[in-house]
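This briefing accompanies the sequence and structure displayed below. Its points are grouped by topic.

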Amino acid sequence: MSINYLALANAGVEMLHPYQPGKPVEELERELGISNSVKLASNENPLGLSPKAKAAIERALPELARYPDANGFGLKSALASKFGVNIDQLVLGNGSNELIDLVFHTFVGAGQQVVFSQYTFIVYGMATQAHGANAVVVPAKDLGHDLDAMAAAITDQTKLVCITNPNNPTGTFLTKTELATFLAKVPKDVLIILDEAYTEYVAEDERHPSIEWLAQYPNLIVSRTFSKAYGLAGLRVGYMVAHPELISVLNRVREPFNCNSLALAAAEAALDDEAYLSEAVTLNRHEMARYEAFFDSQGLRYIKSRGNFITLDLQRNAMPVYDALLREGVIVRPIAGYGLPNCLRISIGLEHENQRCLEALTKVLA
Ligand SMILES: *Cc1c(COP(=O)(O)O)cnc(C)c1O
């Protein structure tokens, strides 16, 4: 007898499709029979692990038979002192993706509305669907968030608004003034996730003071990750900062050992490795300029980005170019799944990786 498992699943699951990750290098090389390919598809840090994080992982190895610290005291203390918040304003997650899901598990129910922008992080739409809630997708303005329209889209049914700044996959950026104006308009019983996965790449004087805003906006949740500028994507660790009572509600639902010992140790050490972070940010700025100059010289359209990636708009179906780049051993990210079928998102790599990518693009577009 066969079972229709989908019919057994919760409302919304039937409409979901598994997240499409960037291709692992090994898989692609096997498929195409090539080697030495470069992966510029998942916005990872091309510098590899910070030396301090690596040493911390080695120090933590002997304790792996033990459960991790369920409260992540060491990492939370380091974050609290770095950002001037209290430990009880922090929650740690298995990547910030887990924390986004945790906010949904805790606060978003069937039939409620979640407001987010067209062309933004796909996880908000997936989580909305998985919880049987209704997505209110607000049309983008210049490929980024239209905050006036988002504020206007909030109704009595709205539980949560999700904003990504800088945005993924477009790299567009909202200024502090734009964001502050928006925050002031949102009713206090509507929660706001401000996803700052790429904030470390933004120049400090342009960065919005989101953590200071927490005092004024108790419905604000700031989300950050160690997966991008801190170079720990494979370990899965992210954090949220919010009002202590909001955090305490999240902690009721959170799995007790959601962050593993290696991730906790590595993130604490990475946070302290300012040389690594500044090298990553400098490399990114420098190499971003290389892409922009190349695209400008070739008359190619792209979206100005504040992240560690740049989105090229080919103004025609991007899949043939994506496939041709793959055959050159360059893996980038098609973003048709985000509603941008003419675009390819390229993560900024090391100098020689970017050079490979630009040479491949030149060849493929000729
Ligand atoms: C990469 C990314 C994240 C980070 O996800 P993790 O689960 O922390 O690896 C979160 N939000 C956005 C918008 C991202 O692009």
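Helices (H or I, at least four residues) and strands (E, at least two) are DSSP runs, numbered from the N terminus. The model is predicted: local features need pLDDT of at least 70 and side-chain atom pairs count only at pLDDT 80 or more, while totals for chains, interfaces and linings use all residues. Residues are numbered from 1 along each chain as its sequence is written, and side-chain values use heavy atoms, with hydrogens and water left out.

**Annotated domain**

- An unreviewed UniProt entry lists residues 37–360 as "domain: Aminotransferase class I/classII large"; UniProt positions follow the numbering used here, feature names are shortened, and annotations may be inferred rather than shown by experiment.

**Packing of H3 and H11**

- Helix H3 (residues 51–60) and helix H11 (residues 261–271) have axes that come within 8 Å and cross at roughly 145°; axes are lines fitted to C-alpha atoms, for helices over the stretch in contact, and angles run from 0 to 180 degrees between N-to-C directions.
- H3 contributes Lys-52, Ala-53, Ala-56, Ile-57 and Ala-60 to the contact, and H11 contributes Leu-262, Ala-265, Ala-266, Ala-269 and Ala-270, where contact means heavy atoms within 4.5 Å.

**Ligand surroundings**

- There are 13 residues around the ligand, of which Tyr-198, Thr-225, Ser-227, Lys-228 and Arg-236 come nearest; a residue counts here if one of its heavy atoms lies within 4 Å of the ligand.
- A nitrogen atom of the ligand lies 2.7 Å from a polar side-chain atom of Asp-195.
- An N or O atom in the side chain of Tyr-198 is 2.6 Å from an oxygen atom of the ligand, and a polar side-chain atom of Ser-227 likewise lies 2.6 Å from a ligand oxygen atom.

**Backbone features**

- Asn-165 and Pro-166 are joined by a cis peptide bond with omega of about -10°; Pro-166 is in the loop between strand E5 (158–164) and helix H8 (176–185).
- A cis peptide bond also joins Asn-168 and Pro-169, with omega of about 15°, and Pro-169 is in the loop between E5 and H8.
- Asn-36, a residue other than glycine, has a positive phi near 60°; Asn-36 is in the loop between helix H2 (25–32) and strand E1 (38–39).

Key
A polar contact is a pair of N or O atoms within 3.5 Å; within protein, one must be able to donate a hydrogen and the other to accept it, and residues adjacent in sequence count only if both atoms are side-chain atoms.
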